[in-house]
Amino acid sequence: MKLHGQDSMARGADEKLVSRRIKLPKRVVEAPLSQVGKRLLMALFVLFLTVFVVWLDRDGYHDNANEQVDLLDCFYYATVTLSTTGYGDIVPYSDSARLINILVITPLRVLFLIILVGTTLEVLTERTREEWRLKRWRKNLRDHTVVVGFGTKGRSALLTLLATGLSKEQVVIVDPSAKVIDTANAEGFTGVVGDATRSDVLLRAELQKARQIVIATQRDDTAVLVTLTARQLNRGAKIVAAVREEENAPLLRQSGADAVITSASAAGRLLGLSVLSPSAGTVMEDLIQQGSGLDLIERPARKAEVGKSVRDTEDLVVSVLRGHRLLAYDDPHASPIQLTDRLITIVRAAPPTSPPVRLGPAE
């Protein structure tokens, strides 16, 4: 297999600029225009309240121009006072006016300034909040799932994992497209924008602490490079990768993948099976779609099943995983079941709050 010098995962000038960014899911906030509108209304309310207060006690103010304070002078005084300009042409001279300025006008002036600079303060604090969220995210993230490539394959794989109980907080998506990561953020996932063949990008996804890694890139050579890099950073994680061409599957296994799915061949086999038997094709598609109909699951052997034949279990066992050997249900070595075995069984999908419904041999 030939490796291309420039992979699609590294293309695009805008993507290069954000190749090291981590995007946490954004919290729901109001639209900018709505926020500005609310602040403007609050500022106007404070202004008119100040005018009203000055108008009620207008006899306690002195105007150097004509010694009388009318409504226009009240607006003028409120404006220069709230903006802290203070020309001094209109001043409070009575004790009540000065007391009202201390107890009422000054707090309103502070409130008015806070409203005006609220946007600036929010910009300054937003970065601090994001950095704090990022540090907390790094500290708490353990045994998570990293999905490289959020296209059709990556999204389908993730939906299957979510159907088995995986939470969105335990998922990190790596993709070269900023738009794709924005979409993932909108769905509640944390994303890293960048080329997954680079170790620094995978480290930003905390791949070294991940429990399982799904590699669903668009090209086989990219999948090989990502698998090599991921296995070098994390020796113990389970790595599952997808390739288009079956001839590249052995190379992925040599690169460190625990399981390799040939997407083109698998789709072709399912098409052929559906041609021969549409019902059989429907059953196979149902088995690989978690959360509906029949589910194919892997679980440890129970103590009550130890020593029994695979045909005598309550669940419908199709294979037995013993060490690194995968034994079919009709293999003579599959029975009796041992305590360290893992069983591949077929169960009827049930709601998340209910345990899986067992399908015994009699069913």
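Start by selecting Ser319, which sits in strand β11 (residues 316–322). Buried or exposed, would you say? Its relative accessibility is 16%, and since the cut-off for buried is under 20%, Ser319 counts as buried. Keep in mind as you click around that this is a predicted model. Now show what surrounds Ser319: leaving aside residues up to four places away in sequence, it touches Leu326, Leu327, Ala328 and Tyr329, along with Arg342, Leu343 and Ile344.

Next, jump to the largest nonpolar core, a set of 29 residues. Pick out Val146, Val174, Val192, Ile213, Ile215 and Leu252, the members that touch the most other members. To see where the core draws its residues from, colour β4 (145–148), β5 (171–175), α8 (199–204), β7 (212–215), α9 (220–233), β8 (238–243) and α10 (249–255); each gives two or more. Top contributor is α9, with four residues.

Zoom in on Val146 while you're here. Not counting residues up to four places away in sequence, Val146 touches Val172, Val174, Ala205, Leu207, Ala210, Gln212, Ile213 and Val214. Apart from this core there's another one, of 18 residues, and you can find it by selecting Val53, Val54, Ile90 and Ile105, which are among its members.

Back to α9. Select them as Asp220, Asp221, Thr222, Ala223, Val224, Val226, Thr227, Thr229, Ala230 and Arg231. Among the elements covering them are β4, α8, β7, β8 and α10.

Now move to α3, residues 71–82. This helix has twelve residues and reaches 16 Å from first C-alpha to last, close to the 16 Å expected at 1.5 Å a residue. Its buried residues are Asp73, Cys74, Tyr77, Ala78, Val80, Thr81 and Leu82. At the start, a side-chain oxygen of Asp70 comes to within 3.4 Å of the backbone nitrogen of Leu72. Just after the helix, Thr84 has a positive phi of about 60°.

Last stop: residues 40–56 and 99–124, which an unreviewed UniProt entry annotates as "transmembrane region". Select residues 40–56 and you'll see 100% helix and 0% strand, with the end C-alpha atoms 24 Å apart.

Conventions
Residues are numbered from 1 along each chain as its sequence is written. This is a predicted model: local features need pLDDT of at least 70, side-chain atom pairs count only at pLDDT 80 or more; totals for chains, interfaces and linings use all residues. Side-chain values use heavy atoms; hydrogens and water are left out. The expected span of a helix is 1.5 Å times one less than its number of residues. Buried means under 20% relative accessible area, exposed over 50%, partly exposed in between (1.4 Å probe, protein chains only). A polar contact is a pair of N or O atoms within 3.5 Å; within protein, one must be able to donate a hydrogen and the other to accept it, and residues adjacent in sequence count only if both atoms are side-chain atoms. UniProt positions are given in the numbering used here, feature names are shortened, and annotations may be inferred rather than shown by experiment. A nonpolar core is a set of buried Ala, Val, Leu, Ile, Met, Phe, Trp, Tyr and Cys residues joined through side-chain atoms within 4.5 Å. Contact means heavy atoms within 4.5 Å.
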